[in-house]
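Hi,

Here is the structure I said I'd pass along.

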Amino acid sequence: MRLSTTTGFRLLPGRLSPLEQATLLDEVTARMAEAPLVHQVTPGGKAMSVGMTSCGDLGWTTDEKGYRYEPRHPTTGRFWPSIPTILTELWRELADPDVPPDACLINFYNAQAKMGLHQDKDEADLRFPVLSVSLGDTAVFRLGGPRRGDPTASMRLSSGDVCLLAGEARLYHHGVDRILPGSSRLIPGGGRINLTLRRAAPAQ
Ligand code: SIN
Ligand code: FE2
């Protein structure tokens, strides 16, 4: 693992070209057919408005028992599909050149979906960044700091934007206030897909 590549929060607007976005959407749609989206339940018993699935060795899972990573889909019981190569290459370039991601969370937001402010902290080694790719409708994204009450900034994440939570920003609170319906024509029927690449298990 090389720690030098990035630190802090980095936003790369339009990092994926329209053609790359369309290709990635096809790859992700195939994964969602194999591993369907699930409205998982939080430990508090509430179904999430965001539909979720995963690809990679491990998938982020929540139910009444808590948050964790699991090797199998919660309803089909099958192993997760593979992470698209476009994404593992992006990780190699922007996140870590040596250790590959082992989890990619696929979030689908319809026009009403949102995600409350939270930290990503279920991964074994928090020195690895989280790399996020947005497809489809624009999100109003909120980024805070390491403490829950820290001031937050609001920004828009559009289709093709890539961002990185690395170094000191790795544990920054973040969430999605709302989706701007009709802001992109990429996804048939509208909506937003966010892909987050993570290293969930310790590096060997
Ligand atoms: C997440 O924190 O899992 C998703 C962030 C996003 O949708 O941009
Ligand atoms: Fe997150």
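A definition before the metal site: donors are N, O and S atoms within 2.8 Å of the metal, and water is not among the atoms, so sites may look incomplete. Also keep in mind that this is a predicted model.

With that in hand, the iron ion (ligand 2) is coordinated by His118 through NE2, Asp120 through OD and His174 through NE2, at 2.1 to 2.2 Å. Along the sequence, these donor residues follow the spacing H-x1-D-x53-H. The iron ion (ligand 2) has four donor atoms, with angles of 90 to 171 degrees among them, and its site is irregular.

Ligand 1 takes up the space of the largest pocket. Its surroundings include Met115, Phe141, Leu157 and Val176, along with His118 and His174. On the polar side, an oxygen atom of ligand 1 lies 2.5 Å from a polar side-chain atom of Tyr109. For Arg192, a side-chain N or O atom is 2.8 Å from an oxygen atom of ligand 1, and for His118 that distance is 3.1 Å. The protein covers 97% of the 260 Å² of accessible area that ligand 1 has on its own.

Cheers

Conventions: Residues numbered from 1 in each chain as written. Chains lettered and ligands numbered in written order. Predicted model: local features only at pLDDT ≥ 70, side-chain atom pairs only at ≥ 80, totals over all residues. Heavy atoms only, no water. Donors = N, O, S within 2.8 Å, 3.2 Å for Na, K, Ca; no water. Tetrahedral: all angles 85-135°; square planar, octahedral: opposite > 155°, others 65-115°. Near = heavy atom within 4 Å. Polar contact = N/O pair within 3.5 Å; in protein donor to acceptor, adjacent residues only side chain to side chain. Areas by Shrake-Rupley, 256 points an atom, 1.4 Å probe, with all protein chains shown as cover. 1 Å grid on protein atoms, 1.4 Å probe; cavity = no way out; pocket = protein on both sides within 12 Å on 5 of 7 lines; lining within 4 Å. Sits in = over half its atoms within 2 Å of the grid points.
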